[in-house]
Amino acid sequence: GTFTPAHIWFIIFLFIYSVVALPLFLLEKKVKDNRIPQKITQFFSKRFVLYLFLIPLALAASIDLLGDKNPVYYFGIFCLGYFVMSDPAYTTALERDAPVSLAAGLLFSVIALVWSPHFSQWTFAWVGYGLMEQAIRLLLLLGILGIGHRFFNRNGKILGFLNEAAFPFYILHLPIVTLLGYFLIRIHTGIAIKYILIVALSYLM
């Protein structure tokens, strides 16, 4: 094949997103104490209202741009991450709604796994199924963030180490997984065994 940035593409995107969104984030901090931003905070911190972000994210995902690397969609995710962490009211809402978010996300995931119909594009059924697929991403994301903020938002040696190791782990995991897969896939055994070996050995390395 040709040279590509592989999984590093997302790091490049994050840098560009940070540069583009920085003026917006600085403006948000500047006007945060004004009346309208406070009303916005009160609204979005209500029960399940964060789920409304499904609508703009679904619209962004419908844009045919760079396939699964859709920069518009991931910029929306980037801004959503900043938004929900910008005020304690939002993190409280994340923690409160986390069990429902996870349960609903897992339920929709099971439905998507066992039911994969083919609809004509832009029919009501096609749009509805697409919304469900986007809801899975959003619900699981909000659920994991809420659980993480509740149980892991503290200081400690282990959490500190894992926090520092997350970035190099992301950078190095693909070369290791690819190298292991290159050799292990040649073993004459079931796919499930190969998968377990690749995952286990990757973590050990």
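This is a predicted model: local features need pLDDT of at least 70, side-chain atom pairs count only at pLDDT 80 or more; totals for chains, interfaces and linings use all residues.

Reply: Residues are numbered from 1 along each chain as its sequence is written, and side-chain values use heavy atoms, with hydrogens and water left out.

The protein has 8 helices and 0 strands; helices (H or I, at least four residues) and strands (E, at least two) are DSSP runs, numbered from the N terminus. The accessible surface, from the Shrake-Rupley method with a 1.4 Å probe and, for residues, only the protein chains shown as cover, comes to about 14400 Å², of which 73% belongs to carbon and sulfur atoms.

On this surface, F169, I187, I193, Y195, I196, L197, V199, L201, Y203 and L204 make a nonpolar patch of about 1000 Å². Patches are made of residues with over 30% relative accessible area and no salt bridge, like charges being joined within 9 Å and nonpolar side chains (Val, Leu, Ile, Met, Phe, Trp, Tyr) within 5 Å. A salt bridge is a side-chain nitrogen of Lys or Arg within 4 Å of a carboxyl oxygen of Asp or Glu.

Helix α8 (residues 191-204) supplies the largest share of the patch, 8 residues. Y195 is placed in helix α8 and counts as exposed because its relative accessible area is 59%, where exposed means over 50%, buried under 20% and partly exposed in between (1.4 Å probe, protein chains only). Over the protein, 24% of the 205 residues count as buried.
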